[in-house]
Amino acid sequence: MTTPEVSRVAVTPAAADLLRELYAAHGPMMFHQSGGCCDGSSPMCYVEGEFRTGASDVLLAALHIDGVEEPVTFWMSAAQYGRWRHTHLTVDVVPGRGGGFSLEAPEGVRFLIRSRLFTPEENAALNP
Amino acid sequence: MTRFAAPGEPGATMSYLPRYDHWIGGEWVPPAQGRYFENPTPVTGQTFCEVARGTADDIEHALDAAHGAAPAWGRTSAAERAGVLNKIADRMQENLEALAVAETWENGKPVRETLAADIPLAIDHFRYFAGVIRAQEGSLAELDDDTVAYHFHEPLGVVGQIIPWNFPILMATWKLAPALAAGNAVVLKPAEQTPTSILYLMSLVGDLIPPGVVNVVNGFGVEAGKPLASSPRVAKVAFTGETTTGRLIMQYASENIKPVTLELGGKSPNIFFDDVSAVRDDFYDKALEGFTMFALNQGEVCTCPSRALIQQGHYRDFVADAVARTEKVTQGHPLDTGTMIGAQASNDQLEKILSYVDIGQAEGAKVLTGGHRADRGGELAGGYYVQPTIFEGNNSMRIFQEEIFGPVVSVTSFADFADAIKIANDTLYGLGAGVWTRDMNTAYRAGRAIQAGRVWTNSYHLYPAHAAFGGYKGSGIGRETHKMMLEHYQQTKNLLVSYSPKAMGFF
């Protein structure tokens with residue numbers, strides 16, 4: 001296998017800093033991308049295993065963050081992924097207030113997804 | 001046009017306290033860990049009070065109070081409970097302006113909405129459930145000459161309720177009124193974005209409710225919401241929010257074999273058939289307002305009509321008129337009665353909306369109007385304002401598929417009835433929908449074909465009590481704002497009674 005793996009999910013330096021802080025306090029972590037109203041359309045960050053994924057979920061990435069020993073998994077429901085699959089996601093963080101049961105909310109910040117379209121080359125590699 | 005003074009200013013109709021504790025057992029209780037968090041107003045971005053940062057210990061304390069109060073409250077007569085609900089409604093009516101200003105200051109929505117919708121609807125909701133609990137009856141079935149099955153409604157006991165931030169007082173009322181009418185005690189956690197308007201309400205009505213029947217604990221989801229949702233001491237959890245937290249709450253409930261009701265949002269289609277434009281009359285004007293309803297409450301409504309489907313025959317003219325109508329929406333200080341659109345509820349909400357404006361453009365959608373953060377200047381410069389935004393694109397784009405929860409509508413065209421229904425149903429959600437046509441046969445067929453819990457027909461964004469509200473598909477489980485919600489807060493007790501003195505004959 002020589003084709004380099006195409007990244008579906010990236011993390012901004014600010015989000016990586018926050019993940020390092022959260023890791024120190026909580027240990028291994030996971031994301032599940034939410035949909036729907038209120039705090040929806042944003043990623044939820046949990047202690048790994050807190051949210052039980054199943055056959056209706058897709059694992060988009062196992063994010064390697066310097067200083068975080070275990071990869072941070074990034075999940076989305078398969079139905080939602082069907083509507084998002086043409087876009088590359090970047091986990092960012094902004095000042096914010098609350099967001100479901102996500103771990104970062106008490107820190108006064110909120111994870112946020114920024115998106116871009118995959119390039120034709122990325123699309124070709126992802127959907128050969 | 002009137003400008004209400006901000007809370008605490010000279011002449012203001014209400015003031016917030018500088019600090020709020022939990023409301024537990026009919027009194028203010030400081031948080032177990034002694035910590036508080038800041039509560040900013042989205043109007044200016046400035047902190048106006050601090051609020052108890054609850055944890056599992058506070059939830060347990062509230063559950064103790066609720067369990068202490070539930071048995072006696074559950075045995076009160078329906079007439080007595082209805083009396084309490086009616087008194088709450090009367091007290092709210094006497095303080096309508098104060099509650100409206102409190103809600104606007106905390107949430108950022110225009111006071112014309114809180115005065116005309118949020119608070120009057122909440123008042124009516126208490127009165128509605130006061131009425132229907134008086135009229136609710138059990139049943140009996142005469143199974144044979146000697147055997148009768150009686151069915152009684154019994155309260156569940158203690159229930160947990162997690163409230164969203166988009167209509168803090170109204171959404172709390174949607175959940176509190178049926179739960180209390182049915183005889184339950186409640187532990188309620190407001191959203192951390194809007195923690196105090198409900199406490200202000202409790203400061204007005206708390207003396208009307210027996211201590212421990214309603215308990216309010218604030219805090220962050222992970223610290224206070226999770227211990228409530230996962231507690232084996234609640235008989236049911238009601239939640240309004242998003243899908244991932246909804247699933248998590250179902251997972252916790254499954255551990256305890258407890259029921260849940262969930263309202264998780266939507267991506268509601270608003271369909272305008274060609275005949276809407278047949279005449280430029282009152283109905284045409286109403287339809288244009290119906291289109292513009294995407295900006296109501298800054299788009300922070302689970303049923304925001306965020307996809308407008310417009311038939312090809314009148315597409316160009318209707319869209320031009322809709323853009324013009326949208327550009328007339330007045331944005332300004334939320335406490336000004338002339339303001340139609342206020343501030344988004346939080347900074348992260350603002351950022352999320354702007355991130356969707358970015359991906360919408362990257363996907364090739366065209367901005368017909370808006371598309372930017374609105375800088376209101378002056379004291380509003382630090383607030384979270386977004387221009388009402390209209391995108392033109394197609395239904396496969398992310399802006400057509402995900403809830404943005406902002407004043408953003410995505411417009412596309414359709415060819416005929418079948419095409420309209422196909423696009424309308426091509427979504428993961430099914431909460432609301434709108435159908436606009438002068439042909440009632442088309443309206444009826446469209447309404448039945450759309451997979452959504454509520455189809456507004458030649459109307460939009462009405463929320464009266466006695467019309468059921470809830471979702472199909474990914475939008476959730478249960479129906480609120482109707483007497484059928486009572487049964488989501490009740491057990492069924494069957495007494496199966498034999499009036500025969502004779503043995504059955506088996507042994």
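**View 1. The contact between chain A and chain B.** The contact draws 37 residues from chain A and 40 residues from chain B. Two residues are in contact if their C-beta atoms, placed from the backbone, lie within 7 Å. On the side of chain A that touches chain B, helix H2 (78-84), strand S6 (87-95) and strand S7 (109-117) of chain A each supply at least two residues. S7(A) gives the largest share, seven residues. By class, this side of chain A has 15 nonpolar, 15 polar and seven charged residues. Ala, Val, Leu, Ile, Met, Phe, Trp, Tyr, Cys and Pro count as nonpolar; Asp, Glu, Lys and Arg count as charged; the others, Gly among them, count as polar. Helices (H or I, at least four residues) and strands (E, at least two) are DSSP runs, numbered from the N terminus.

This is a predicted model, in which local features need pLDDT of at least 70, side-chain atom pairs count only at pLDDT 80 or more, and totals for chains, interfaces and linings use all residues. Residues are numbered from 1 along each chain as its sequence is written, while chains are lettered from A and ligands numbered from 1 in the order in which they are written.

**View 2. An open sheet in chain A.** Three strands of chain A line up in the order S1-S6-S7, with mixed pairing. Two strands pair if DSSP finds at least two bridges between them. Strand S1 (9-11) and S7 of chain A are the edges; each has a single partner strand, so one side of each has no neighbour in the sheet. Neighbouring strands are turned by 30° against each other on average, direction ignored. S6(A) and S7(A) run antiparallel and are joined by nine bridges. Find Val91(A): its bridge partner in S7(A) is Ile113(A).

**View 3. Helices across the chain A sheet.** Helix H1 (residues 13-26) of chain A lies across S1, S6 and S7 of chain A. H1 of chain A runs at about 65° to S6(A). The other chain also takes part: helix H11 (residues 347-362) of chain B lies across S6 and S7 of chain A. H11 of chain B runs at about 5° to S7(A). Axes here are lines fitted to C-alpha atoms, for helices over the stretch in contact, and angles run from 0 to 180 degrees between N-to-C directions.

**View 4. Glu122(A) and its surroundings.** Glu122(A) sits in helix H3 (residues 120-126) of chain A. Glu122(A) counts as partly exposed because it has 16 C-beta neighbours inside 10 Å. A residue is buried if 20 or more other C-beta atoms lie within 10 Å of its own, exposed if 12 or fewer, and partly exposed in between, with C-beta atoms placed from the backbone. Glu122(A) and Ser7(A) are 115 residues apart in sequence, yet 8.6 Å apart in space, C-alpha to C-alpha.

**View 5. Strand S14 of chain B and its partners.** In strand S14 (residues 307-311) of chain B, five of five residues are buried. Arg307(B), Leu309(B) and Gln311(B) lie on one side, Ala308(B) and Ile310(B) on the other. Strand S13 (residues 269-272) of chain B runs parallel to S14(B), joined by four bridges. Here Ile271(B) has Leu309(B) as its bridge partner. The chain crosses from S13(B) through helix H9 (residues 282-292) of chain B to S14(B), and this β-α-β crossover is right-handed. That is, with the strands pointing away from the viewer, the path from the first strand over the helix to the second runs clockwise. Strand S17 (residues 408-414) of chain B also runs parallel to S14(B), with five bridges between them. Ala308(B) has Val411(B) as its bridge partner in S17(B).

**View 6. Strand S13 of chain B.** Pro269(B) and Ile271(B) point one way from S13(B), Asn270(B) and Phe272(B) the other way, and all are buried. S13(B) pairs with strand S19 (residues 432-436) of chain B in the parallel sense, over three bridges. Asn270(B) stands opposite Gly434(B) in S19(B).

**View 7. The buried side of helix H13 of chain B.** Ala420(B), Ile421(B), Ile423(B) and Ala424(B) are the buried residues of helix H13 (residues 417-425) of chain B. They cover an arc of only 165° around the axis, so they are on the same side of H13(B). The arc is that of the directions from the helix axis to the C-beta atoms. Their cover includes S13, S14, S17, S19 and helix H14 (440-449) of chain B.
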